[in-house]
Amino acid sequence: MKRTQVAIIGGGPAGMLLSHMLHLDGIDSVVIERQPRDHVLKRIRAGVLEYGTVKLMHEVGLGERMERHAHDGSWIAWENRQPFLIDTRKHTGKHMWSFGQTAITEELYRVRERDGGRVIDEAQQVTLHDLDSERPWVGFEKDGEAQRLECNYVAGCDGQHGVSRNSIPKDLLRTFERAYPFGWLGIMSETPPLKEIMYAHHSRGFALASQRNPMLSRYYIQCDLATDLAEWPDERFWEELKRRFPPDIADRIVTGPSIEKSVAPLRSFVAEPMSYGRLFLAGDAAHIVPPTGAKGLNLAVSDVFYLHRALVAQFKKSDSRYLERYSETALRRVWNAERLSWQLMRLMHVFPDDDDFTRRINLNEFDHLQASPAAQAALAEQYVGMPFEA
Ligand code: RFL
Ligand code: PHB
């Protein structure tokens, strides 16, 4: 327990996928997670995955038996106008997947357990040391006892509020940020979802219809950041949701009791560089996208793809070139997703400072997208995800 090749901070999808992929190449890792296991397994988050994300998961033996649904893309609806499909299948030959993050996390924990992977749950006071030396180590407390784990490399996969990013000296880290002045109120309900995923703009605010399986729907509406859930009984949510979709679509929404309800704040954030000495950041630890482009988990997976390749080259061939270029390579894809998510945020939501000019520009952007196959193709290419770089 005292030593491993790669210490992975955070047992979310990024950390667990990295641990699994390293294991397939015979590289040892230990995952250090702050939360209890059932908390990690119950977290409800992503629902839409890129074609390349699911393809990679299959290549590493994951997801065959998991519930998933292919979609030709997602729809964009606009008050009083005809909706259109971001047709990824037509424009790129690739489809999108509905694939719940909860199921992915469960699958990752299942295979790591099967393969004897080491995951330390409920690790407290995690600290990173000597990252700029050849012998970094991780300190933490488990069951009240101080522990020390030595390693060759540290992977910082501990999400938005972890310790890894903050272990990089302040003067070496540059951050870029947009906070949005509203949130998403989301519910999960055991009702049959709409057939397709649909983003809707309305003068009352944004709404999204998504799904997890044929009897599990996921819906969101744009809400005030100060929203009090007690003021949002199910009936009020359904009524507001339906008002934001075109009437013929609203009529098809099947309502029922919610089994989960929460408010998610929305943020764009990037930290550069994504590495320092022997520490490499991956996933939400390095960047956050607002959920409009459905990119967060997809980016976590592409970071892991690049980081795994780099660590394998280092351990197996003493080739450090990929590690040296990791941050630069990962960031190209990150910024692409940041731009798309930000654009879709601007287009689809009602901002408090929107004036008539902005409203006309957004309306024109929708009309242009709806009428122009070239504009739809450009959107489809980004929505389905840029390919991983060689
Ligand atoms: P995670 O999932 O946050 O996992 C990080 C893990 O690190 C642990 N941790 C620590 N461990 C040790 N020591 C510490 N000091 C630690 N601090 C934290 C945490 O407990 C946790 O277990 O990050 P990771 O692995 O990078 O994965 C990122 C994704 O979870 C995230 O990007 C997505 O969920 C974003 N997202 C979506 N992504 C998509 O690709 N498609 C979607 O459709 C999509 N929808 C969404 C989303 C996120 C949402 N919310 C709530 C933010 C919808 C929503 C509403
Ligand atoms: C979801 O199903 O949770 C979901 C779908 C599409 C998004 C974001 C979240 O853009």
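Q: Which residues form one aromatic cluster?
A: A quick heads-up before we start: this is a predicted model. The cluster is made up of W184, Y199, F206, Y220 and Y383.

Q: How many aromatic pairs does the structure hold?
A: Rings pair up if their centres lie within 6.5 Å. Going by that cut-off, the number of aromatic pairs in the structure is 17.

Q: Y180 and F351 make one of those pairs, so is it stacked or edge-to-face?
A: A pair of aromatic rings is described by the distance of the centres and the angle of the planes. For Y180 and F351 the centres are 6.4 Å apart and the planes sit at 70 degrees. Planes over 60 degrees apart count as edge-to-face. So the pair of Y180 and F351 is edge-to-face.

Q: How many residues apart in sequence are the parts that Y180 and F351 tie together?
A: Y180 is in strand β13, which covers residues 174-189. F351 is in the loop between α9 (321-348) and α10 (356-371). Both residues are buried. Because one sits in that strand and the other in that loop, the pair ties together parts whose separation in sequence is 171 residues.

Q: What about F280 and Y326: at what angle are their ring planes, and what kind of pair does that make?
A: The ring centres of F280 and Y326 are 5.9 Å apart. Their planes are at 75 degrees, so this pair is edge-to-face.

Q: Which strand and which helix do F280 and Y326 lie in?
A: This pair ties together parts that are 46 residues apart in sequence. F280 is buried at 5% relative accessible area, and Y326 is buried as well, at 1%. As for where they sit, F280 belongs to strand β19 (residues 279-281) and Y326 to helix α9.

Q: Which residue lies over the face of W232?
A: Two arginines turn up over tryptophan rings. R68 is over the face of W97, at 5.7 Å from the ring centre. Over W232, at 3.7 Å from the ring centre, the residue is R236.

Q: Which residues come closest to ligand 2?
A: The shell around ligand 2 has 13 residues. By type, seven are nonpolar, three polar and three charged. The closest ones are Y199, S210, R212, Y220 and P291.

Q: Which strand gives the most to the shell around ligand 2?
A: Two strands, β15 (207-213) and β16 (216-223), each supply at least two residues of this shell. The one giving the most, with three residues, is β15.

Q: How much of ligand 1 does the protein cover?
A: There are 30 residues around ligand 1, and E33, R45, Q101, D284 and L297 come nearest. An oxygen atom of ligand 1 is 2.6 Å from a polar side-chain atom of E33, and an oxygen atom of ligand 1 is 3.1 Å from a polar side-chain atom of N298. On its own ligand 1 has 1,000 Å² of accessible area, and the protein covers 89%.

Q: Which helix gives the largest share of the shell around ligand 1?
A: The shell divides into twelve nonpolar, eleven polar and seven charged residues. The largest share, three residues, comes from α8.

Q: Is S19 buried or exposed?
A: S19 lies in helix α1 (residues 13-24), and its side chain makes a polar contact of 3.0 Å with the side chain of S29. Its relative accessible area is 2%, and the cut-off for buried is under 20%. So S19 is buried.

Conventions:
Residues are numbered from 1 along each chain as its sequence is written. Chains are lettered from A and ligands numbered from 1 in the order in which they are written. This is a predicted model: local features need pLDDT of at least 70, side-chain atom pairs count only at pLDDT 80 or more; totals for chains, interfaces and linings use all residues. Side-chain values use heavy atoms; hydrogens and water are left out. A residue is near a molecule or strand if one of its heavy atoms lies within 4 Å of it. Helices (H or I, at least four residues) and strands (E, at least two) are DSSP runs, numbered from the N terminus. Ala, Val, Leu, Ile, Met, Phe, Trp, Tyr, Cys and Pro count as nonpolar, Asp, Glu, Lys and Arg as charged, and the others, Gly among them, as polar. Rings of Phe, Tyr and Trp (its six-membered ring) pair if their centres lie within 6.5 Å; planes under 30 degrees apart count as stacked, over 60 as edge-to-face and the rest as tilted. Buried means under 20% relative accessible area, exposed over 50%, partly exposed in between (1.4 Å probe, protein chains only). A charge sits over a ring if NZ of Lys or CZ of Arg is within 6 Å of the ring centre and within 35 degrees of the ring normal. A polar contact is a pair of N or O atoms within 3.5 Å; within protein, one must be able to donate a hydrogen and the other to accept it, and residues adjacent in sequence count only if both atoms are side-chain atoms. Accessible areas come from the Shrake-Rupley method with a 1.4 Å probe; for residues, only the protein chains shown count as cover.
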